[in-house]
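Dear colleague,

My findings follow directly after it.

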Amino acid sequence: PQDVVGFLGKPSGTMQKRIDKLRIHALQGTGCAHYFFNYNELGIDILFDANRHSIRKLVLHTNCPAHVDFNDYCKCNFDLRMPVRAGADGAAQSRAAGE
């Protein structure tokens, strides 16, 4: 978490992940719940593992008008680069998703 705060700054908010009621017995004894750092102005949430304090998931918000979180987050404009097979010359290439 310190690396994330150092890179992105203080989060807008934090919250604990809701525990799945069907898995609650499997989690007995851990006493910890995974937690989110919310960056509303960047349009992202980061889920951290409660035990190792490492990133488990990155949520990118697109701010769709029909979504329950509409206008809670700024739109996160992102571009996913996907690796493709090496070309005839053997060099690896990448392309943007959707191209």
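In this predicted model, D49 touches H34, Y35, S54 and R56, leaving out residues up to four places away in sequence. D49 is located in the loop that runs between β3 (44-48) and β4 (55-60). With a relative accessibility of 7%, D49 counts as buried, because the cut-off for that class is under 20%. A polar atom of the D49 side chain lies 2.8 Å from the backbone nitrogen of N51.

The strands are arranged as follows. An open sheet is formed by four strands in the order β1-β2-β3-β4, with antiparallel pairing. β1 (13-16) and β4 are the edge strands, each pairing on one side only. On average, neighbouring strands of this sheet are turned by 20° against each other, direction ignored. In general, strands of a sheet pair through backbone hydrogen bonds. Between β2 and β3, the antiparallel pairing extends over five bridges, and F36 stands opposite L47 in β3.

The largest nonpolar core comprises eight residues, namely V4, Y35, F37, Y39, I44, I46, F48 and C76. At least two residues of this core come from each of β2 (35-39) and β3. One of the core residues is F37; apart from neighbours within four places in sequence, F37 is in contact with P1, V4, V5, P11, G13, T14, I44, D45, I46 and F48. Y35, also listed in the core, is among the residues that D49 touches.

With kind regards

Definitions and conventions:
Residues are numbered from 1 along each chain as its sequence is written. This is a predicted model: local features need pLDDT of at least 70, side-chain atom pairs count only at pLDDT 80 or more; totals for chains, interfaces and linings use all residues. Side-chain values use heavy atoms; hydrogens and water are left out. Buried means under 20% relative accessible area, exposed over 50%, partly exposed in between (1.4 Å probe, protein chains only). A polar contact is a pair of N or O atoms within 3.5 Å; within protein, one must be able to donate a hydrogen and the other to accept it, and residues adjacent in sequence count only if both atoms are side-chain atoms. Contact means heavy atoms within 4.5 Å. A nonpolar core is a set of buried Ala, Val, Leu, Ile, Met, Phe, Trp, Tyr and Cys residues joined through side-chain atoms within 4.5 Å. Two strands pair if DSSP finds at least two bridges between them. Axes are lines fitted to C-alpha atoms, for helices over the stretch in contact, and angles run from 0 to 180 degrees between N-to-C directions.
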